[in-house]
Amino acid sequence: MSNSKNKNKLMHVKHEFEPVYDEKSDILILGTFPSVKSREQNFYYGHPQNRFWKVIAGLFKEDIPQTIDEKKTLLLKHGIAVWDVVAECDIYGSSDNSITDVIPTDISIILDHAPIRKIFANGAKAYELYMKYTYPSVKKDIVKLPSTSPANAVYNMERLLNEWKRITK
């Protein structure tokens, strides 16, 4: 289990996969940085206990996507773009609270090519990092939503769905 060894070791890591968006994306959801499981799968919200895909599917009364292609299709069908605030950082495993030495992503790549009308943060840390590193240059407000991470046990699925309904309005 090499991952358990790396969990307690601060590592400098780069975001290795592209944002998901197209010319019809009008909602942008930003996470912090991919978890170890997401980095292994090379796609967003790859930890089996992360509730992101269940939430998005639930909001739009769709089946929970299983493959990366199904996940991309679900997002784009509903005008949702997904990326992360952090392009590079030092991090312990998947711990958002350990993130230091941040190099932010350049979200203008999405903002210049999609009619984004609203930006949402998947969790308090994504919101905090966006406000610190991204807001000063883009000057676009962001709405903080509760994290879909399994670490956010305070929110059960029903409560998460209720809060996340804000992206559909």
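Where is K61 found? In this predicted model, K61 lies in the loop between α3 (52-59) and α4 (68-77).

**Two loop residues with positive phi**

K61 is not a glycine, yet its phi is positive, at about 55°. K139 is another residue other than glycine with a positive phi, near 55°. The place of K139 is in the loop between α6 (124-138) and β7 (143-145). The table sets out the accessibility of the two residues.

| Residue | Relative accessible area | State |
|---|---|---|
| K61 | 74% | exposed |
| K139 | 56% | exposed |

K61 counts as exposed because its relative accessible area is 74%, and exposed means over 50%. K139 is likewise classed as exposed because its value is 56%.

**Helix α3**

The helix that K61 follows is α3. This helix is mostly covered, with 6 of its 8 residues buried. The buried residues are F52, W53, V55, I56, A57 and L59. The elements that cover them include β2, α4, β3, β6 and α7 (157-164). Two of these covering elements, β2 and β6, also pair with each other in the sheet described next.

Strands of a sheet pair through backbone hydrogen bonds, either parallel or antiparallel. Here, 4 strands form an open sheet in the order β3-β2-β6-β7, and their pairing is parallel. β3 (80-84) and β7 are the edge strands, each of which pairs on one side only. On average, neighbouring strands of this sheet are turned by 25° against each other, direction ignored.

Within the sheet, β2 (residues 27-31) and β6 (residues 118-122) pair in the parallel sense over 4 bridges. I29 stands opposite F120 in β6. Helix α6 lies across β2, β6 and β7, and runs at about 125° to β6.

Rolling a probe the size of a water molecule over the atoms shows where empty space is left. What volume lies in the second largest pocket? The space there is about 170 Å³. Its lining consists of Q41, Y45, G46, H47, P48, N50, W53, K54, I64, P65, Q66 and K71. By type, these lining residues divide into 5 nonpolar, 5 polar and 2 charged. Among them is W53, which is also one of the buried residues of α3.

Note on methods
Residues numbered from 1 in each chain as written. Predicted model: local features only at pLDDT ≥ 70, side-chain atom pairs only at ≥ 80, totals over all residues. Heavy atoms only, no water. 1 Å grid on protein atoms, 1.4 Å probe; cavity = no way out; pocket = protein on both sides within 12 Å on 5 of 7 lines; lining within 4 Å. Points joined across faces, edges and corners; volume = space filled by probe spheres on them. Nonpolar A, V, L, I, M, F, W, Y, C, P; charged D, E, K, R; others polar. Buried < 20%, exposed > 50% of the residue type's maximum accessible area, 1.4 Å probe, protein only. Pairing = 2+ DSSP bridges. Axes fitted to C-alpha atoms, helices over the stretch in contact; angles between N-to-C directions. Contact = heavy atoms within 4.5 Å.
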